[in-house]
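Open the model in your viewer and keep the selection tool ready. This tour goes stop by stop.

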Amino acid sequence: MKRVFSVAVGIAVLVAGVVSADGVASAGRGAAWGAQQVVWGPCPAKEGKTVRADLECATVRVPLDYRDPWGQSIKLAINRIKAKVSRDGNHLGTLLINPGGPGASGRDLTEFVSNGLPNRLGERYDVVGFDPRGVGGSEPSLHCVDPDTYYRAPRPDAVPHTAGDESRLLARADEYATRCGDLWAWMLPHLTTENSARDMDTIRAALGEEKISYLGYSYGTYLGAVYATLFPQRVRRLVMDSTVNPEGVWYRSNLGQDVAFERRHRAFLAWTARHNDVYRLGGTLKQTSFAYYAMRDRLRTRPAGGVVGPSELDDTFTLGGYTDRVWPEFARAWSAYVRKGDVQPLVEAYNRRGKNDADDENGYAVYLGVQCRDAAWPRDWAKWRTDMTRLHRRAPFLTWPNAWFNAPCAFWPVKGGTPVAVHGSPKLPPVLFLQSRDDAATPYRGALAMHRRFPRSGMVIDEGGNHGVSLAGNRCVDGHLAAYLADGTLPARTVSCAALPDPAPAAHMAAHMTAHTTARGAQGHDRLTDVLSR
């Protein structure tokens, strides 16, 4: 993405690493960052959650600026679940994981991945999650605004109907960018994918590994591609699940998302129509589409429960583009509102699926920090207006909401850089791509573009449309993942795996809501979807 700095992480070690008083692995001033010795300890308990005994936590110091490796440093939070086997032929080394975003916490997925790896591979890998710079438990953790104020519902409609609407939304985007610049001017220039990739290599060295394996989802695939470009000799296995288009970083990628989310939203509307006997919202795509946008328009003047306006509806139902598992829940809430005038299920769906909190604001700040800095964005709002007005006609579901989500990049206090030209290398081992054909967040065409950049790679296609296809119940996909992680075996050609069955409509709303709420805490894939969609 950006310029490849001439200062490498692996500088000759002059002084052995020492452990600082706060327990953070650190190095002497003359030592390479890779000389750190990670000090593992118990993980802090989270409210309402039990921490499993074999989950360990630590922190690693990295340079803020790799061009000045002995200047200011920051801390990265990491965790791991160690392999159950000793370091012999059965031990497969370290598997580093990242769920994407940018801005999502890798530490949130460590248990899910360790537990979910097929063929007991979780017992053979040390699974290590990390919070990238600025995220979650890493220090500093970026926050730009008060989330309670910024996300107070109902927010202005993301689809501007007048010039005044547009001006208010623009002012909101400008204010967010200004606040981030006021608070984090010293860090924003260094909040890049390239630096996160260099951080990964610092983590690798601190763990004492010559090579690491990596599983990246969504934006995490782009991070993995940058790492593989910069450090091909340090990669043992590389899995890209739901792959970012390297040719659209980042403005054009969002336009491509809008079209893909439109297709996926229409698939949800068509599914609802097929189950008209349950939901009574129309028996054709045209009828359910009319019912959906009529609901959205009504919420502009009469927010459900005084909370769910059109923007809150957008935030909630966007999750349906990531996973069809929520379709029954969303269709029932929508049906209750339209058919019975019952707003409570819609409010509950928003509180459970769309409402933003401090963690979400942290993820948003890092998302913008990375994407606005990684590459150039249009600074002339007329360009945005022209593109969104045109695209909204064919993709009304997400075009404007997505535009305003990214609009602070038009005002970002740090200019965008030049993306790393990601590519394969003779030093890089074969790479495995996993991709659903109808993925909305990372469209299939973009995955093919990345696949072409890595000639020594194999691709497994899930014929469904969910985002994040591995460890999600598709045994065909997971079989290829297991073979690759075990010994590097790739499919001889691009292979197709049948999609999981469409979800069945739930018979009773109350029972469904209770069951789903319970399952959400127990089922790992729901956690994966929650992280990927942030």
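Is cysteine 144 buried or exposed? Cysteine 144 has 3% relative accessibility, so it counts as buried (under 20% relative accessible area; exposed is over 50%, partly exposed in between; 1.4 Å probe, protein chains only).

A note before moving on. This is a predicted model, where local features need pLDDT of at least 70, side-chain atom pairs count only at pLDDT 80 or more, and totals for chains, interfaces and linings use all residues. Residues are numbered from 1 along each chain as its sequence is written, and side-chain values use heavy atoms, without hydrogens and water.

Cysteine 144 and cysteine 180 form a disulfide, with sulfur atoms 2.1 Å apart (the rule: a pair of cysteine sulfur atoms within 2.5 Å). The torsion about their S-S bond is about 115°, so this disulfide is right-handed. Cysteine 180 is buried too, at a relative accessible area of 1%.

Next, select cysteine 372 and cysteine 409. Their sulfur atoms are 1.9 Å apart in a disulfide. Here the torsion is about -85°, so the link is left-handed. Both cysteine 372 and cysteine 409 are buried. By the rule above, the count is four disulfides.

Go to strand S7, residues 126-130 (strands are DSSP runs of E, at least two residues; helices are runs of H or I, at least four; both are numbered from the N terminus). Five of its five residues are buried, so S7 is largely enclosed by the rest of the structure. Asp126, Val128 and Phe130 point one way, Val127 and Gly129 the other.

Finish at helix H6, residues 251-274. Of its 24 residues, 17 are buried.

Conventions:
The expected span of a helix is 1.5 Å times one less than its number of residues.
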